[in-house]
Amino acid sequence: MKTLKYIFAILILSVSFVSCSDDDENTSVEVNPVEGLAMIYEIPAADHTVQIYSEKTALEVGYNEISIRIKDKASDKYVTNAAPTWMPMMHMETMEHSAPHTMLKNDEESTVYKGYIVFQMAGNDTEYWEIALNYTLNGQAVEETLRVSVAQPADGLIKTQVFTGSDNIRYILAYVNPKDPQVAINDLQAVLYKMENMMSFPMVENYKITVDPRMPGMGNHSSPNNEDMIYNAASKTYTGKLSLTMTGYWKVNLKLLNANGDVLKGEDVTESNPESSLYFELEF
Amino acid sequence: MKALIPVFPLKGMLRNYLLCAMFGSISVPQLYAQETPVDSLKLIHLNEVVVISEGKQLDHQKQRKPLSTLDEFLESSRSISMVKRGAYAWEPTMNDMASERLAVTIDGMQIFGACTDKMDPITSYVDVSNLSEAQIGSGQQGAVFGNTIGGGINLKLEKSNFRPTGWNGSLETAFESNNSMRVFGGELNYSDEKFYLNTDAIYRKADNYSAGGNREVKFSQFEKYNFSVNSGYKLAANKSISATLIYDEANDVGYPALTMDVSLARAVIGSLSFNQDTLFGNFSNWESKVYYNKIKHTMDDTKRPDVPIHMDMPGWSETAGFYTQANFNKVKHHFFFKWDGFYNKSYAEMTMYPANSNEPLMFMLTWPDVRTKDVGFYAEDHIPFEKASVKLSTRLAYHSNTVADDFGLNSLKIFYPEMEETNTRFLKSFSAQYHKMLNDFHFNGGLSYGERAPSVSEGYGFYLFNSFDNHDYIGDPNLNTESSAEANISVTYKKPTFEITASANYFHVFNYIIGVVDNSLSTMTIGADGVKIYTNLDYAKLFNVSLSGRYTISNAFKFTGQVSYHRGVDDEGENLPLISPISYRSAIDFYKNQYSALLSVEGAGEQTNYNPAYGETKTAAYATLSASFGKRFFINENDLFVKTGIENILDTNYSSYTDWNNIPRMGRNFYLTISYSIN
């Protein structure tokens with residue numbers, strides 16, 4: 001009888017374990033596609049709303065990853081066939097210009113259209129950024145223009161460089177990763193664009209960006225095993241390695257080289273030259 | 001190298017009889033007694049035993065300086081030198097090898113310092129007040145205490161061990177003029193055949209000392225106190241349990257040779273033992289112990305005037321371990337077996353405060369929570385023949401290191417992207433010693449081989465600043481095991497009143513671990529000259545030779561002398577750092593009718609074999625002269641002992657090769673010690 005009791009107890013236990021794991025599986029299916037993102041704008045319309053998300057709580061100068069969802073009020077569902085396009089535009093007092101940006105794509109999550117914009121400058125009361133959105137909804141072409149505020153990064157660190165290279169071309173270099181730097185060898189990622197004209201910012205491929213992280217607060221201490229950033233055709237970004245030996249303030253000194261190896265911007269860090277004119281700043 | 005020269009031979013005999021009574025194993029000592037009367041009763045044959053305080057009531061008058069620090073006691077040993085970074089926490093070296101190449105234990109317990117800069121050798125966590133002796137084994141003769149290259153030191157705690165002495169106690173105080181060191185100590189003991197309890201406490205406080213010529217050495221102060229409790233209970237006639245607890249704390253310790261001081265160095269050391277006279281009929285002196293200790297060490301630069309950057313550097317070291325050991329005698333074989341193991345956690349961090357307070361703090365793990373596991377088996381066999389004996393010994397150990405902290409692992413992966421978090425080794429040691437007696441000559445010779453794993457700093461240190469050579473050091477987790485082939489020889493000529501010993505040893509150390517400059521790396525410490533990576537050299541050679549003698553002039557007067565020479569070179573013939581030049585010491589002892597006196601000279605020749613690459617400069621020759629005088633009084637049944645002395649009588653301003661950054665040593669110093677024992 002005793003053994004029977006034990007067997008019975010074990011059976012009950014195992015059943016409850018099984019049912020537990022079932023529950024877990026059910027909940028894990030429902031992943032919020034905009035989990036961890038902040039909705040920074042919502043554009044209401046008669047039959048739909050447009051939601052704009054970012055990792056940060058506001059748009060900042062530099063690289064901004066942006067996710068857009070369009071909700072059809074009739075079906076109460078996020079549309080997957082809106083095929084949106086966008087165009088950022090800076091309205092200055094005497095002129096207008098655009099900013100480097102990618103296409104919006106929903107290949108990761110069918111209801112979320114993702115892309116990024118590199119804002120070169122901050123807006124103010126008289127000069128401001130607008131994003132023009134074009135998309136189709138229920139067969140109708142829709143255009144929305146959204147005035148957005150773009151501020152300098154709250155931490156005051158420079159992660160975007162707009163400069164004229166020695167080839168007299170204007171370049172825009174923006175830091176992408178690591179977003180959360182570690183005392184480790186970090187995967188370093190940046191995007192590089194050139195300014196063809198006010199409206200056209202093509203991506204620059206096959207250049208090279210050298211990496212020399214330094215701690216000015218520690219006698220310009222550097223770290224080993226950094227790798228220069230080279231163009232990665234798959235991610236369409238420049239990727240390299242960034243070693244950070246401790247937490248604190250780091251200045252990542254950079255040099256931009258074209259495909260021929262000519263230096264377009266930046267200098268070597270030496271005893272007499274403690275920093276390059278091309279750099280990113282990090283704090284963690 | 002078995003010949004054992006107790007520092008105080010008369011006392012050595014006494015101790016041996018006590019040991020004999022304690023171990024209760026009469027047959028072994030008798031066998032030994034036939035060949036070498038001096039060290040006849042030591043069950044583990046060691047090179048040297050420095051007596052510290054066993055049976056204080058009897059021996060104070062024999063001690064040169066009763067309440068001196070443990071460091072000074074160890075320095076009086078002929079085989080140990082002390083590396084000094086200030087007045088406190090000296091680091092013992094043996095055969096010109098320091099902590100990482102030595103096995104240093106307290107009563108058989110493995111303890112590891114918590115300071116990345118070797119500011120807390122474990123010898124700094126005990127005090128003479130609770131020690132009876134330091135057992136010293138050179139080279140693989142020290143393998144009984146752990147994996148070693150240079151040798152082993154075991155600091156034996158003082159215990160009443162069921163001697164029927166009843167209650168006794170003592171009060172002690174000492175004062176030293178040079179650094180106004182005040183020492184207050186006391187102990188209270190009870191012991192009978194069934195139970196004993198030893199308690200003691202000691203407090204030391206010293207101000208800055210002055211070097212010769214009355215030049216103050218700033219930041220050389222210290223303060224420390226130490227409590228210990230030892231107790232034993234006899235479960236049956238042949239069975240007993242005992243327990244030990246030591247609490248040691250030092251505060252406000254200055255390190256004049258370094259850029260930082262220490263605000264706290266604290267150790268809690270505890271153990272529980274079980275002893276049984278016999279086991280399975282054939283084994284004797286079975287002793288088993290479990291132990292635990294925890295050390296916290298906090299460096300402090302807030303009192304230094306011009307630090308380029310303020311930093312906090314706390315470190316922790318925690319060790320749990322056990323050993324069980326027994327003797328086994330079979331006809332002519334006297335075996336000793338020991339099985340031991342420990343688990344250590346070493347963690348240290350550094351936080352730097354940037355000059356611009358808007359910037360975030362700079363943080364790094366200097367020891368990435370390294371977990372060391374070690375399980376070893378030691379065996380020795382001592383085989384006496386007529387007028388000769390052979391000792392064979394071996395230690396086989398499994399040793400592993402694991403980096404438990406991800407932050408630390410990722411930090412090290414900056415240098416070693418492919419490193420594994422765990423590193424496992426099998427460590428071996430073999431030794432054969434031969435002793436032969438020919439009339440008045442004793443001949444000793446031995447060959448041995450030993451291995452050691454890299455220390456936590458050598459394997460996993462992350463930007464450890466060494467002020468000696470002004471370099472940052474980085475460990476290498478992929479270091480090879482260091483191994484050593486060793487040969488030693490000694491000849492003693494012994495007459496009742498006269499004894500002279502010539503001895504030499506040679507270590508051929510393969511994969512010798514030392515910091516090698518890597519010019520591609522950028523310094524971390526502001527003002528450092530470069531970065532060194534711990535690296536295996538193909539080999540290094542270390543050679544030590546010494547001549548020592550003793551002459552009993554009369555019943556009252558005794559003369560002792562010693563001169564030694566050391567040489568250490570790496571695989572390219574370059575000098576190794578911290579190798580002693582010719583050094584000598586000599587003393588005349590007087591003892592009669594409760595009066596004792598001593599005149600001693602100690603010195604070294606010019607250090608010609610130094611290496612600037614390791615931050616060494618040539619150290620000049622020096623000699624110092626010291627004297628002491630003591631008197632023992634009996635007051636009723638109690639015992640009052642007064643000892644006074646002068647060290648460095650001529651107030652010489654000097655430093656030795658062991659002095660970190662050539663910080664000068666103490667100038668003229670008067671001391672007075674008073675101890676009162678209530679029996």
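This is a predicted model: local features need pLDDT of at least 70, side-chain atom pairs count only at pLDDT 80 or more; totals for chains, interfaces and linings use all residues.
## Chain B as a whole

Let's start with the big picture. Chain B contains 6 helices and 33 strands. Its radius of gyration is 24 Å, close to the 26 Å that the globule rule gives for 679 residues, so chain B is as compact as a globular protein of that length. If you follow the C-alpha trace along its principal axes, chain B spans about 70 × 55 × 50 Å.

How much of chain B is made up of buried residues? They account for 50% of its 679 residues. The contacts tell us about the fold too: taking those in chain B between residues at least 6 apart in sequence, 65% join residues at least 24 apart.

## Where chain B meets chain A

Here, 23 residues of chain B are in contact with 20 residues of chain A. On the chain B side, the elements giving two or more residues are β19 (362-385) and α5 (406-413). The largest share, 4 residues, comes from α5(B).

What kinds of residues does chain B bring to this side? By class, there are 15 nonpolar, 6 polar and 2 charged residues.

## A closer look at B:G549

Now let's zoom in on one residue. B:G549 sits in strand β27 of chain B, which covers residues 530-552. Because 18 other C-beta atoms lie within 10 Å, B:G549 counts as partly exposed; a buried residue would need 20 or more.

Which residues does B:G549 touch, leaving aside those up to four places away in sequence? They are B:E499, B:I500 and B:G561. B:G549 and B:E499 are 50 residues apart in sequence, yet their C-alpha atoms are 5.4 Å apart in space.

Notes:
Residues are numbered from 1 along each chain as its sequence is written. Chains are lettered from A and ligands numbered from 1 in the order in which they are written. Two residues are in contact if their C-beta atoms, placed from the backbone, lie within 7 Å. Ala, Val, Leu, Ile, Met, Phe, Trp, Tyr, Cys and Pro count as nonpolar, Asp, Glu, Lys and Arg as charged, and the others, Gly among them, as polar. A residue is buried if 20 or more other C-beta atoms lie within 10 Å of its own, exposed if 12 or fewer, and partly exposed in between; C-beta atoms are placed from the backbone. The radius of gyration is taken over C-alpha atoms; the globule rule is 2.2 Å times the number of residues to the power 0.38.
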